[in-house]
There are 2 protein chains.
Amino acid sequence: MLRRRYLVAYDIRSPHRLRLVAKRMEDFGDRAQYSVFLCDLTRADVADMTYTLDQIIDPTEDRILIVDLGQPDDTSRFEFLGRRRPLPATGHRVV
Amino acid sequence: MLRRRYLVAYDIRSPHRLRLVAKRMEDFGDRAQYSVFLCDLTRADVADMTYTLDQIIDPTEDRILIVDLGQPDDTSRFEFLGRRRPLPATGHRVV
(Lines give C-alpha, C1' and ligand atoms only; values in the text may rest on other atoms or scores of the structure.)
Protein backbone atom coordinates (compact mmCIF):
# COMPACT_ATOMS: atom_id res chain seq x y z
CA MET A 1 0.00 0.00 0.00
CA LEU A 2 1.57 3.25 -1.16
CA ARG A 3 2.18 5.70 1.70
CA ARG A 4 3.01 9.38 1.44
CA ARG A 5 4.30 11.63 4.19
CA TYR A 6 1.96 14.33 5.45
CA LEU A 7 2.56 17.21 7.81
CA VAL A 8 -0.49 18.05 9.93
CA ALA A 9 -0.48 21.32 11.87
CA TYR A 10 -3.39 22.54 13.94
CA ASP A 11 -4.63 25.59 15.83
CA ILE A 12 -7.45 24.40 18.08
CA ARG A 13 -9.20 27.04 20.17
CA SER A 14 -10.67 24.97 22.99
CA PRO A 15 -8.37 23.03 25.35
CA HIS A 16 -10.84 20.14 25.32
CA ARG A 17 -10.86 19.82 21.53
CA LEU A 18 -7.09 20.33 21.48
CA ARG A 19 -6.59 17.30 23.76
CA LEU A 20 -8.94 15.22 21.60
CA VAL A 21 -7.18 16.17 18.37
CA ALA A 22 -3.74 15.50 19.85
CA LYS A 23 -4.89 12.14 21.20
CA ARG A 24 -6.39 11.02 17.88
CA MET A 25 -3.40 12.26 15.88
CA GLU A 26 -1.25 9.79 17.81
CA ASP A 27 -3.13 7.05 15.93
CA PHE A 28 -1.97 8.52 12.62
CA GLY A 29 1.62 9.66 13.09
CA ASP A 30 4.42 11.05 15.20
CA ARG A 31 4.47 14.38 16.99
CA ALA A 32 7.12 16.70 15.49
CA GLN A 33 6.15 19.72 17.55
CA TYR A 34 3.50 20.73 20.07
CA SER A 35 0.80 21.00 17.40
CA VAL A 36 2.53 19.47 14.40
CA PHE A 37 2.49 15.78 13.43
CA LEU A 38 4.27 13.90 10.65
CA CYS A 39 2.29 10.98 9.30
CA ASP A 40 3.00 8.32 6.67
CA LEU A 41 -0.44 7.52 5.29
CA THR A 42 -2.28 5.85 2.45
CA ARG A 43 -5.11 7.79 0.79
CA ALA A 44 -7.58 5.71 2.82
CA ASP A 45 -5.76 6.69 6.03
CA VAL A 46 -5.94 10.35 5.03
CA ALA A 47 -9.70 10.05 4.48
CA ASP A 48 -10.04 8.30 7.86
CA MET A 49 -7.95 11.01 9.56
CA THR A 50 -9.82 13.93 8.04
CA TYR A 51 -13.17 12.34 8.89
CA THR A 52 -12.00 11.76 12.48
CA LEU A 53 -10.74 15.34 12.87
CA ASP A 54 -13.86 16.78 11.27
CA GLN A 55 -15.95 15.13 14.01
CA ILE A 56 -13.89 16.90 16.70
CA ILE A 57 -13.18 20.44 15.51
CA ASP A 58 -15.35 23.53 15.44
CA PRO A 59 -14.85 24.64 11.85
CA THR A 60 -15.73 28.22 12.74
CA GLU A 61 -12.89 28.45 15.28
CA ASP A 62 -10.28 25.78 14.59
CA ARG A 63 -7.71 25.41 11.78
CA ILE A 64 -6.06 22.22 10.53
CA LEU A 65 -3.49 22.34 7.73
CA ILE A 66 -2.55 19.07 5.99
CA VAL A 67 0.45 19.20 3.64
CA ASP A 68 1.40 16.34 1.33
CA LEU A 69 5.18 16.05 1.55
CA GLY A 70 5.56 13.20 -0.93
CA GLN A 71 7.69 10.08 -0.42
CA PRO A 72 8.31 9.18 3.25
CA ASP A 73 11.97 8.39 2.68
CA ASP A 74 12.82 11.87 1.35
CA THR A 75 14.30 13.37 4.50
CA SER A 76 16.33 15.98 2.61
CA ARG A 77 13.41 18.43 2.71
CA PHE A 78 13.63 18.85 6.50
CA GLU A 79 15.85 21.29 8.39
CA PHE A 80 15.81 21.73 12.15
CA LEU A 81 16.98 24.57 14.38
CA GLY A 82 17.30 23.98 18.12
CA ARG A 83 15.88 20.79 19.62
CA ARG A 84 14.51 18.19 17.25
CA ARG A 85 12.43 15.05 17.39
CA PRO A 86 13.34 12.10 15.17
CA LEU A 87 11.45 11.85 11.91
CA PRO A 88 8.97 8.96 11.78
CA ALA A 89 10.49 5.63 10.83
CA THR A 90 9.41 5.19 7.20
CA GLY A 91 6.03 3.49 6.82
CA HIS A 92 4.35 4.23 10.19
CA ARG A 93 1.76 1.50 10.79
CA VAL A 94 -1.68 3.00 11.52
CA VAL A 95 -3.32 0.98 14.32
CA MET B 1 15.84 34.22 -8.71
CA LEU B 2 14.40 30.77 -8.12
CA ARG B 3 12.12 30.64 -5.11
CA ARG B 4 10.85 27.54 -3.36
CA ARG B 5 8.00 27.33 -0.82
CA TYR B 6 8.96 26.52 2.75
CA LEU B 7 6.81 25.71 5.74
CA VAL B 8 8.29 26.96 9.02
CA ALA B 9 6.78 25.68 12.27
CA TYR B 10 8.10 26.60 15.68
CA ASP B 11 7.72 25.71 19.35
CA ILE B 12 9.32 28.53 21.34
CA ARG B 13 9.36 28.17 25.11
CA SER B 14 9.68 31.77 26.25
CA PRO B 15 6.95 34.30 25.41
CA HIS B 16 9.61 36.93 24.73
CA ARG B 17 11.49 34.77 22.22
CA LEU B 18 8.15 33.68 20.71
CA ARG B 19 7.20 37.30 20.00
CA LEU B 20 10.63 37.96 18.46
CA VAL B 21 10.45 34.88 16.22
CA ALA B 22 6.90 35.70 15.10
CA LYS B 23 7.88 39.30 14.37
CA ARG B 24 10.93 38.34 12.32
CA MET B 25 9.07 35.60 10.46
CA GLU B 26 6.75 38.28 9.10
CA ASP B 27 9.76 39.52 7.10
CA PHE B 28 10.05 36.12 5.40
CA GLY B 29 6.52 34.90 4.73
CA ASP B 30 2.83 34.65 5.61
CA ARG B 31 1.35 33.25 8.76
CA ALA B 32 -0.67 30.08 8.05
CA GLN B 33 -1.34 29.26 11.68
CA TYR B 34 -0.42 30.57 15.13
CA SER B 35 3.12 29.16 14.90
CA VAL B 36 3.33 28.13 11.27
CA PHE B 37 4.48 30.31 8.36
CA LEU B 38 4.59 29.67 4.62
CA CYS B 39 7.47 31.41 2.88
CA ASP B 40 8.58 31.65 -0.76
CA LEU B 41 12.35 32.01 -0.50
CA THR B 42 15.58 31.82 -2.45
CA ARG B 43 18.45 29.81 -0.94
CA ALA B 44 20.01 33.12 0.18
CA ASP B 45 16.74 34.06 1.92
CA VAL B 46 16.71 30.69 3.70
CA ALA B 47 20.27 31.27 4.93
CA ASP B 48 19.29 34.75 6.10
CA MET B 49 16.19 33.40 7.87
CA THR B 50 17.99 30.56 9.64
CA TYR B 51 20.78 32.92 10.74
CA THR B 52 18.19 35.41 12.06
CA LEU B 53 16.27 32.70 13.95
CA ASP B 54 19.45 31.16 15.33
CA GLN B 55 20.26 34.52 16.98
CA ILE B 56 16.91 34.49 18.79
CA ILE B 57 16.19 30.94 19.93
CA ASP B 58 17.54 28.97 22.85
CA PRO B 59 18.60 25.76 21.09
CA THR B 60 18.29 23.77 24.29
CA GLU B 61 14.59 24.68 24.67
CA ASP B 62 13.15 25.80 21.35
CA ARG B 63 12.31 23.87 18.19
CA ILE B 64 12.06 25.17 14.62
CA LEU B 65 11.13 22.88 11.75
CA ILE B 66 11.74 24.08 8.19
CA VAL B 67 10.23 21.97 5.40
CA ASP B 68 11.02 22.51 1.72
CA LEU B 69 7.69 22.16 -0.10
CA GLY B 70 9.04 22.71 -3.61
CA GLN B 71 7.52 25.01 -6.24
CA PRO B 72 5.43 27.87 -4.82
CA ASP B 73 2.68 27.45 -7.38
CA ASP B 74 1.93 23.82 -6.43
CA THR B 75 -1.09 24.40 -4.23
CA SER B 76 -2.44 20.87 -4.71
CA ARG B 77 -0.39 19.61 -1.73
CA PHE B 78 -2.45 21.63 0.77
CA GLU B 79 -5.69 20.57 2.43
CA PHE B 80 -7.51 22.59 5.06
CA LEU B 81 -10.09 21.64 7.69
CA GLY B 82 -12.03 24.37 9.49
CA ARG B 83 -10.92 27.97 9.08
CA ARG B 84 -8.14 28.72 6.63
CA ARG B 85 -5.86 31.55 5.70
CA PRO B 86 -5.06 32.23 2.05
CA LEU B 87 -1.85 30.71 0.75
CA PRO B 88 0.90 33.27 0.03
CA ALA B 89 0.63 34.93 -3.37
CA THR B 90 3.33 33.16 -5.40
CA GLY B 91 6.75 34.81 -5.16
CA HIS B 92 6.52 36.68 -1.79
CA ARG B 93 8.99 39.59 -1.92
CA VAL B 94 11.32 39.58 1.10
CA VAL B 95 11.79 43.14 2.37
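This is a predicted model: local features need pLDDT of at least 70, side-chain atom pairs count only at pLDDT 80 or more; totals for chains, interfaces and linings use all residues.
Residues are numbered from 1 along each chain as its sequence is written, chains are lettered from A and ligands numbered from 1 in the order in which they are written, and side-chain values use heavy atoms, with hydrogens and water left out.

**Stop 1: the two chains**

**Stop 2: the interface**

Select the residues in contact (heavy atoms within 4.5 Å). On chain A there are 34, and they touch 34 residues of chain B. The copies meet through the same surface, because 100% of the interface residues of chain A are also interface residues in chain B.

The chains bury about 3100 Å² between them, 52% of it on carbon and sulfur atoms. Buried area is the accessible area (1.4 Å probe) that two parts lose on being put together, summed over both. Now show A:Arg63, A:Leu81 and A:Arg83, which lose the most area to chain B and together make up 27% of what that side buries.

How many salt bridges are there between chain A and chain B? The count is zero, a salt bridge being a side-chain nitrogen of Lys or Arg within 4 Å of a carboxyl oxygen of Asp or Glu.

**Stop 3: the largest pocket**

On a 1 Å grid over the protein atoms alone, a pocket is an open set of points with protein on both sides within 12 Å along at least five of seven lines, whereas a cavity is a set where a 1.4 Å probe fits but cannot get out; lining residues have an atom within 4 Å of a point. Grid points are joined across faces, edges and corners, and a volume is the space filled by probe spheres set on the points.

The largest pocket holds about 490 Å³ of space. Select A:Tyr34, A:Ser35, B:Asp11, B:Tyr34 and B:Ser35, which are the closest to its centre among the 22 lining residues. The lining comprises eight nonpolar, three polar and 11 charged residues.

**Stop 4: the cavities**

The structure holds two cavities of 30 Å³ or more. The largest cavity has a volume of about 80 Å³. Of its 14 lining residues, B:Arg31, B:Ala32, B:Phe80, B:Arg85 and B:Pro86 are the closest to the centre.

Finally, move to the second largest cavity, where about 40 Å³ of space lies. Its lining draws on both chains, including A:Phe80 and A:Arg83 from chain A and B:Arg63 and B:Ile64 from chain B.

Definitions and conventions: Ala, Val, Leu, Ile, Met, Phe, Trp, Tyr, Cys and Pro count as nonpolar, Asp, Glu, Lys and Arg as charged, and the others, Gly among them, as polar.
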